[in-house]
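Open the model in a viewer and keep the selection tool at hand.

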Amino acid sequence: MTRRPRRNLSPDFKAKVALAAVKGERTLAELAAQFDVHANVIKTWRDHLLEGAAGIFGEGKPEAPAPVDVKEPHTEIRALTLTNDF
């Protein structure tokens, strides 16, 4: 039995297969045979698509990071530097 080298599939191809799986017109086994990809991989892509779909419509917006206050650490560093100098 020969091993096939690992393939790098494009995001467009993955989206196409995942959308076909979401439509539900064919079984995972049929899609696996059609696209030459294992059924477990198709299921994973479908799950990722469904999880990330909410983010497309704005519900999953990441929160902006809190602003960092740099004055306090700098003040502490200055105080420690002065203490070490003496």
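How many aromatic pairs does a search of the whole structure find? The search finds two aromatic pairs. Keep in mind throughout that this is a predicted model.

**Stop 1: the rings**

Select Phe 13 and Phe 35 and show their side chains. The ring centres lie 5.8 Å apart and the planes stand at 80 degrees, so this pair is edge-to-face.

Colour the two by accessibility. Is Phe 35 buried or exposed? Phe 35 is buried, because its relative accessible area of 12% falls under the 20% cut-off. Phe 13 has 22% relative accessibility and counts as partly exposed.

Trp 45 is buried, at a relative accessible area of 14%.

Now display the three residues together. Phe 13, Phe 35 and Trp 45 form a cluster linked by ring pairs.

**Stop 2: Asp 36 and its arginines**

Clear the selection and turn to charge. Side chains of opposite charge can pair when their charged atoms come close. Across the whole structure, the search finds four salt bridges; three of them are visited here.

Select Arg 4 and Asp 36. Their side chains meet in a salt bridge, with 2.7 Å from N to O. Arg 4 belongs to the segment before helix H1 (11–23), while Asp 36 is in the loop between helix H2 (28–35) and helix H3 (39–56); the pair links distant parts of the chain, 32 residues apart. Arg 4 is exposed, with a relative accessible area of 52%, whereas Asp 36 is partly exposed at 41%.

The side chains of Arg 7 and Asp 36 meet in a salt bridge at 3.8 Å, N to O. Which parts does this pair tie together? Arg 7 lies in the segment before H1 and Asp 36 in the loop between H2 and H3, so the pair joins parts 29 residues apart in sequence. The relative accessible area of Arg 7 is 37%, and Arg 7 is partly exposed.

**Stop 3: along helix H3**

Move to Lys 43 and Asp 47. Their side chains meet in a salt bridge of 2.9 Å, N to O. Because the two residues are four apart in helix H3, about one helical turn separates them. Both ends are partly exposed, Asp 47 at 25% relative accessibility and Lys 43 at 38%.

Salt bridges with shared partners join Arg 4, Arg 7 and Asp 36 into one network.

How values were computed: Residues are numbered from 1 along each chain as its sequence is written. This is a predicted model: local features need pLDDT of at least 70, side-chain atom pairs count only at pLDDT 80 or more; totals for chains, interfaces and linings use all residues. Side-chain values use heavy atoms; hydrogens and water are left out. Buried means under 20% relative accessible area, exposed over 50%, partly exposed in between (1.4 Å probe, protein chains only). Rings of Phe, Tyr and Trp (its six-membered ring) pair if their centres lie within 6.5 Å; planes under 30 degrees apart count as stacked, over 60 as edge-to-face and the rest as tilted.
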